Amino acid sequence: LERVLKSTLVNGLLAAIMATLVLGACGKHDGAAKEGDVIKIGSVSPLTGPQAHLGKDNENGARLAVDEINAAGLVIGGKKMHIDLISEDDQADPKIATTVAQKLVDNGVVGVIGHLNSGATIPASTIYHNAGIPQISPSATAIAYTAQGYSTAFRVMTNDEQQGHVLGQYAVDKLGDKKIAIIDDRTAYGQGLADEFAKAAKAAGAEVVAREYTTDRSTDFMAILTSIKAKSPDLVFFGGMDPQAGPLTKQLKQLGIKAQVLGGDGMQTPEYIKLAGADAEGEIASNPGLTLDSMPGGKAFKDKFTARFGQIQNYAPYAYDAVYVLVDAMKRANSTDPAKYLPALKTTDYQGVTGHIRFDQKGDVTGGAVTLYQVKNGAWQPLETVQSK
Amino acid sequence: MDIFVQQIINGLVLGSVYALVALGYTMVYGILELINFAHGEVTMIGAMVSLTVISTLVGVGIDLPGVVIVLLGLLAAIPVCMGVGFTIERLAYRPLRNAPRLAPLITAIGVSIVLQNIAMLIWGRQYISFPPILPQGRHQILGATITDVQIAILLISVVLMFGLTLLVKKSRLGRAMRATAQSPQIAGLMGVNANTVISLTFILGSALAAVAGVMVSAYYGLAHYYMGFLLGLKAFSAAVLGGIGNLTGAVLGGLLLGVIESLGAGYIGGLTGGVLGSNYQDVFAFFILILVLMFRPSGLLGERVGERA
């Protein structure tokens with residue numbers, strides 16, 4: 001019997017491996033190149049799992065840019081080029097992020113737009129760096145991402161240090177909340193933002209009365225909220241994404257906690273309002289950058305995007321800009337060779353949809369504003385935009 | 001004190017949902033010794049179908065009380081889930097009934113992934129929110145808050161668990177199920193159609209999963225194609241904790257797991273002086289699970305059963 005079992009097992013495994021190989025081989029290519037040479041650009045975000053809606057949004061942003069560039073015709077080094085966007089799913093999981101990063105490198109991409117989550121972006125950045133492939137994250141905001149000293153790591157969004165700082169000061173100085181409870185989802189992003197927020201809030205004179213944790217897959221927060229209730233805070237800060245922020249707000253109201261909810265860009269989405277329903281009213285969250293309507297090309301982008309893909313979730317304009325920044329550097333360097341266009345990427349000076357994009361030494365976008373929003377009558381309304389240093 | 005009571009209430013509500021889903025795992029295991037990993041996904045499909053019906057009814061502006069609309073959603077979800085449960089067994093498990101035990105385990109995982117992806121294609125990657133149509137009443141018990149929805153979840157779970165126990169212990173079908181669990185061959189010789197009994201077991205478990213799915217989405221206010229995975233995993237753990245194959249064990253395991261999680265998340269920070277925070281909530285729950293299994297390998301109420309010949 002053992003031998004039979006073994007051989008069925010082996011056969012089964014072989015079949016499974018073959019199936020994966022076949023499936024993998026016919027991945028998600030953009031169709032064959034029409035004419036001229038092909039530039040392979042990778043796009044990575046979670047396309048399955050709880051954050052799939054945000055991941056698809058990033059991919060759509062990048063795809064819109066790629067299709068526009070292809071339609072307009074791209075000539076680099078005297079040759080007509082066609083961009084092939086290779087989209088991969090990292091499931092917002094650091095382990096899978098490195099696997100797909102390696103897959104993209106092996107596939108011969110010359111640049112990567114991604115990943116979405118800081119927790120996935122950071123481990124993947126090592127692989128891109130070792131391969132010498134430039135990477136622009138549209139949405140990873142953790143400080144650690146660009147603090148590794150990698151010459152290939154860039155981002156087009158303000159980092160958590162700036163955002164957490166603005167949020168901490170706002171909570172204490174503008175809202176006048178002194179007793180603060182903090183919850184984060186233990187991801188590089190959530191934890192990083194919560195830490196920066198805590199630092200700034202303490203510096204401004206607030207007391208952190210509770211520090212609780214959850215995960216980026218949870219939907220039940222009753223237990224941690226109950227222990228927070230005992231500390232009766234004025235404000236509950238959440239470092240994490242909308243799938244958690246929504247139910248968290250709901251359960252907070254359900255338990256009768258009368259505290260302001262404050263969050264970062266992961267919470268400042270239309271999805272949050274849908275999930276929290278009427279309980280979202282009055283809650284505040286920030287988002288790096290300007291409001292879409294006050295972005296230089298925001299209105300035009302919104303029209304183009306919604307006509308094709310529907311509502312913008314959050315980071316699509318950043319993914320869109322990231323593609324243009326990458327292609328802009330290739331054009332200026334007149335080469336698609338990563339080693340040749342990387343220096344050009346460093347000296348980027350590009351007017352995008354989200355703002356004027358320049359990078360500092362580390363690869364962070366310079367300047368950078370943070371806008372605070374509040375839910376009023378079931379929609380996010382901008383409160384104020386704070387220019388960070 | 002009121003905080004403690006609140007944590008117990010949180011835990012019991014969470015636990016009764018675990019228990020309902022755990023019953024589905026344990027019933028199938030009891031009869032087939034198969035872990036139906038797709039069971040969590042059946043719960044998800046229940047939530048999705050009911051939400052589609054509820055949203056449509058709310059969307060056309062039908063003038064019915066919220067509770068009635070939710071009940072209509074549930075009535076739509078139950079037959080769909082029954083159908084899904086029946087089909088899963090027919091397509092993925094029955095052809096492998098006499099195959100080595102690992103084979104149906106692998107198809108179970110496969111079915112779970114397939115169902116997730118089908119749900120993603122049908123309902124999209126978005127979270128679907130539950131319309132705020134249910135009564136939002138809050139009541140005070142010993143200083144803790146309990147909502148109408150929580151009370152309803154507790155009551156419905158108790159009634160269903162009681163009903164199921166009665167069915168298995170007293171009815172003709174229940175007797176056939178118990179006989180098939182002991183030995184399908186002998187039960188067959190006594191005139192029990194094992195295939196029918198197994199199909200009915202899947203259908204029954206799936207109906208419970210549909211109810212659990214509707215309750216979870218009403219409670220948390222959302223549904224998502226991925227929601228069945230973690231719920232299924234927790235419910236499976238609850239079934240193992242209570243002793244898989246044992247109905248009372250599944251209920252006990254579910255309630256215990258819910259309460260342990262709540263108390264763990266609520267008190268672990270204070271008890272360890274902030275060294276371990278609420279991020280150790282799941283570690284704590286699984287630590288208890290391992291501890292129980294070390295001393296009682298077949299679970300709290302599980303019987304030690306020899307390997308089937």
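Helix α2 (residues 52-72) of chain A lies across β1, β2 and β3 of chain A and runs at about 170° to β3(A). The model is predicted: local features need pLDDT of at least 70, side-chain atom pairs count only at pLDDT 80 or more, and totals for chains, interfaces and linings use all residues. Residues are numbered from 1 along each chain as its sequence is written, chains are lettered from A and ligands numbered from 1 in the order in which they are written, and side-chain values use heavy atoms, with hydrogens and water left out.

**Terms for the fold**

- Helices (H or I, at least four residues) and strands (E, at least two) are DSSP runs, numbered from the N terminus.
- Two strands pair if DSSP finds at least two bridges between them.
- Contact means heavy atoms within 4.5 Å.
- Axes are lines fitted to C-alpha atoms, for helices over the stretch in contact; angles run from 0 to 180 degrees between N-to-C directions.

**Six-stranded sheet**

- This open sheet has the order β2-β3-β1-β4-β5-β6 (chain A), with mixed pairing.
- β2 (74-76) and β6 (153-155) of chain A are the edges; each has a single partner strand, so one side of each lacks a neighbour in the sheet.
- From one strand to the next, the twist averages 35°.
- Strands β1 (residues 37-45) and β3 (residues 79-89) of chain A run parallel, joined by nine bridges.
- Within that pairing, A:Ile39 has A:Ile83 of β3(A) as its bridge partner, and A:Ser43 has A:Ser87.
- β1(A) also runs parallel to strand β4 (residues 111-113) of chain A, through three bridges; here A:Gly42 partners A:Val112.
- Helix α4 (residues 118-131) of chain A lies across β1, β4 and β5 (135-137) of chain A, at about 165° to β5(A).

- Five bridges link β11 (residues 284-288) and β14 (residues 369-376) of chain A, which run antiparallel; A:Pro288 stands opposite A:Val370 in β14(A).

**Aromatic pairs**

- The whole structure has 15 aromatic pairs over all chains (Phe, Tyr and Trp rings, the six-membered one for Trp, with centres within 6.5 Å; planes under 30 degrees apart are stacked, over 60 edge-to-face, the rest tilted).
- A:Tyr324 and A:Tyr350 are stacked, because their ring centres are 6.4 Å apart and their planes at 10°.
- A:Tyr324 sits in helix α11 (residues 316-333) of chain A and A:Tyr350 in strand β12 (residues 350-351) of chain A, so the pair ties together parts 26 residues apart in sequence.

**Cavities**

- There are four cavities of 30 Å³ or more (a cavity is a set of points, on a 1 Å grid over the protein atoms alone, where a 1.4 Å probe fits but cannot get out).
- The largest cavity holds about 80 Å³ of space; a volume is the space filled by probe spheres set on the points, which are joined across faces, edges and corners.
- Its lining has 14 residues (an atom within 4 Å of a point); A:Leu116, A:Asn117, A:Ser118, A:Tyr189 and A:Met241 lie nearest the centre.
- The lining of the largest cavity divides into five nonpolar, six polar and three charged residues (Ala, Val, Leu, Ile, Met, Phe, Trp, Tyr, Cys and Pro are nonpolar; Asp, Glu, Lys and Arg are charged; the others, Gly among them, are polar).

Definitions and conventions:
On a 1 Å grid over the protein atoms alone, a cavity is a set of points where a 1.4 Å probe fits but cannot get out, and a pocket is an open set with protein on both sides within 12 Å along at least five of seven lines; lining residues have an atom within 4 Å of a point.
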